[in-house]
Amino acid sequence: MPRVLSGIQPTGDMHVGNYLGAVRRWVEDQDRQDALYCVVDLHALTAEFDDTTLATRTRETAMLLMAAGLDPDRCTLFVQSHVPAHTELTWILNCVATFGELRRMTQFKEKGKGQESVSVGLFDYPVLMVSDILMYEADEVPIGDDQRQHLELARDIATRFNRRFGDTFVVPKATYPEVGARVMDLQTPMAKMSKSAESANGVVLLLDPPEAISKKIKAAVTDSGTDILHDRDTKAGVSNLIEIYAAATGSSIPKVEAEFEGQGYGAFKSSVAEAVVELLTPLQRRYGELERDPAEVDRLLGLGAAKARALADPVLDRARRAIGLLPPTA
Ligand code: TRP
């Protein structure tokens, strides 16, 4: 089984786009792969963050992933800062990565643009991510296109380290999984549904109550026509709803078009709302159960951290030895 690893930021609220686009696939994949999912709270420190809510958000993100169906017995789900080896490996790799290659990172340039002050953490973000990846000897790292450069850095650093200090790290491969569904904003259907959307009405959060879900979907922007037809260029709003409905019900675009032929937008929107409510109800119920049982959530996160540490520690040890550090006395 290939070992795969993915990292998720604990920032912002997860929405239907995250779920239908990626998380649902992780849930399906957890038995076909040796999968690790890491809530990257240390990465969250590199952007503006609120120290009074960071812990809560980290927990919420982990609980949402569990509620969505990631099963801590079938995969390794853990919080990055619970495995200290990540930061230690980051330091070692900091001394292998170069200033020049980090300075060229597009994400760094974009996030740093116009900021009065930029933290060293933001500059070093890619090396922390490289540590996440090399730490678990991941064969494959499923990423979005925006993370391509970071993965190339992981490959470069692993290769450079291995060449200079002997075979230590697995050189990972990026995979670009076909996204499940590309869910667009309900208010501006030309833009992807995103946490940072201008209007909250365009984004259906996984924990939105059913009434809020219905209201947002019924208020979705559509064109002045009447036909339930898929055409992203001329009917972006309706096309988005068709795709959401198809993804939520396991149908396909042509089938949805046929199912709603001759019906108006109003009736169609009601059906989409119903389908999304039905999709999220079990997730919300499981989330509620986890929320009422914090000890169980702690136990599961402890289990994840223990599994992750057991994999990470030997790799860190190998790296320490390879680079020539004096091993501590037992
Ligand atoms: N940088 C990634 C993102 O913003 C998150 C991330 C951190 C990650 N560590 C990772 C992704 C390791 C894959 C593997 O999406």
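Biologist: Which helix gives the most to the shell around the ligand?
Modeller: This is a predicted model, where local features need pLDDT of at least 70, side-chain atom pairs need 80 or more, and totals for chains, interfaces and linings use all residues. Residues are numbered from 1 along each chain as its sequence is written, and side-chain values use heavy atoms, without hydrogens or water. With four residues, the top giver is helix 7 (helices are DSSP runs of H or I, at least four residues; strands are E, at least two; both are numbered from the N terminus).

Biologist: Which residue has a side-chain N or O atom 2.6 Å from a ligand nitrogen?
Modeller: A polar contact here is a pair of N or O atoms within 3.5 Å. Asp132 has a polar side-chain atom 2.7 Å from a ligand nitrogen, and for Gln147 the value is 3.0 Å. At 2.6 Å, the residue is Tyr125.

Biologist: How much of the ligand's exposed area does the protein bury?
Modeller: Areas use the Shrake-Rupley method with a 1.4 Å probe. Alone, the ligand exposes 370 Å². The buried share is 87%.

Biologist: At what angle do helix 9 and helix 12 pack?
Modeller: Packed helices are described by the angle and the distance between their axes. Axes are lines fitted to C-alpha atoms over the stretch in contact (heavy atoms within 4.5 Å), and angles run from 0 to 180 degrees between N-to-C directions. The axes lie 9 Å apart, at an angle of about 150°.

How values were computed
A polar contact is a pair of N or O atoms within 3.5 Å; within protein, one must be able to donate a hydrogen and the other to accept it, and residues adjacent in sequence count only if both atoms are side-chain atoms.
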